[in-house]
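Hello,

Here is the structure you will be working from. My notes follow below it.

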Amino acid sequence: MGGVRSTVVVVTWRGREHIEACLDALSAQDRPHRTLVVDNASDDGTAELLHGVEVLRLNKNVGYAGGIAAALPRVRTEFVAWLNDDAEPEPGWLEALESALDASPRAAAASSVLLTPNGAVQSTGVRLTHDGHGADIDRETEEVFGFCGGAVLLRTRVLRAIGGVPASFFCYYEDTDTAWRLRLDGHEIVPAPSARALHLHGVSTQPGSRSFHLWNERNRLLMLLRCAPTGTALRQLAKFAALTFVLPLRRSRPDALNFSVRLRLRVLGEVLVRLPRTRRFADSARRREVWARWAGHTS
């Protein structure tokens, strides 16, 4: 592709208010690249704003994970970037990411620094907690377990080799699940501190909403069942189920939607329905090795 090493995939849904700022920031990048916008059947006029850019229009909203998965077969470049439509990368963002992977042959992904509108660090990468959550690291660090999918660069060949993107997740934990599978396959993930992007965060998905908690809780459990040691995954599933059935017996319980019994029962139902089709990755020894190295890691 004539010196173009990266395809930047931007997934949008009802992104009319912010997609132009994202695309303008991509146009200002120092490195040549291909931009591919995946429009998740937006009905707010977003499509009319996508002039002069390659667009993959879907006939229904398949979420962020589904959008990235739909784009992957069309990527022919060495690298593929995932970029939220509410992110605005600085001009040197792509150069910093490509350079980070060039400098680390064993690395299959480079994590960006995401900044809030007031300049605070939202994420420099993702750590794995003792109970299997993926948590953003909000400070400079020399190592990360994974990356925030809002702005990341991956080696296309490796991403395909580990099974691509879990499209059925729809939204949330597709990034940490991908990081897990990269680690299980023996690859590294590196932070790129000079790859910086402003991120509005949650403009489309509304963190704290019912859908947010459904996807977040369901996909964490599915990720663990796919990637974590068997005992760890089953303990987390049992813990989630036990709390769900105990909640109605409590005189009081938190108001947060993730403590809604109805929502938690739906999470359990969706996990159990998907369980027979949930593919396990790597052998038990490798899963235990990755867990022992990264779970609860805080540096």
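Which residues does phenylalanine 259 touch, not counting residues up to four places away in sequence? The model is a predicted one, and in it phenylalanine 259 touches Leu243, Leu247, Arg253, Pro254 and Arg264. Phenylalanine 259 lies in the loop between helix H7 (230-246) and helix H8 (261-274). Threonine 244 is 15 residues apart from phenylalanine 259 along the chain, and their C-alpha atoms are separated by 7.7 Å. Is phenylalanine 259 buried, exposed or partly exposed? Its relative accessible area is 22%, and buried means under 20%, so phenylalanine 259 counts as partly exposed.

Next, the helix pair. The axes of helix H6 (residues 210-227) and H7 come within 8 Å and cross at roughly 155°. Angles over 145 degrees count as roughly antiparallel, and H6 and H7 are therefore roughly antiparallel to each other. The crossing of H6 past H7 is left-handed. On the H6 side, the contact is made by Glu217, Arg220, Leu221, Leu224 and Leu225; on the H7 side, by Ala233, Leu234, Gln236, Leu237 and Phe240. Of the residues in this contact, seven are nonpolar, one is polar and two are charged.

Last, the strands. Strand E8 (residues 125-128) and strand E9 (residues 134-137) run antiparallel and are joined by four bridges. Opposite leucine 128 stands glycine 134 in E9. The two strands, E8 and E9, form a hairpin with five residues between them. In the turn, glycine 132 has a positive phi of about 90°.

Regards

Methods
Residues are numbered from 1 along each chain as its sequence is written. This is a predicted model: local features need pLDDT of at least 70, side-chain atom pairs count only at pLDDT 80 or more; totals for chains, interfaces and linings use all residues. Side-chain values use heavy atoms; hydrogens and water are left out. Two strands pair if DSSP finds at least two bridges between them. Buried means under 20% relative accessible area, exposed over 50%, partly exposed in between (1.4 Å probe, protein chains only). Contact means heavy atoms within 4.5 Å. Axes are lines fitted to C-alpha atoms, for helices over the stretch in contact, and angles run from 0 to 180 degrees between N-to-C directions. Angles under 35 degrees count as roughly parallel, over 145 as roughly antiparallel, 65 to 115 as roughly perpendicular and the rest as oblique. A crossing is left-handed if the near helix is turned anticlockwise from the far one by less than a right angle, and right-handed if clockwise. Ala, Val, Leu, Ile, Met, Phe, Trp, Tyr, Cys and Pro count as nonpolar, Asp, Glu, Lys and Arg as charged, and the others, Gly among them, as polar.
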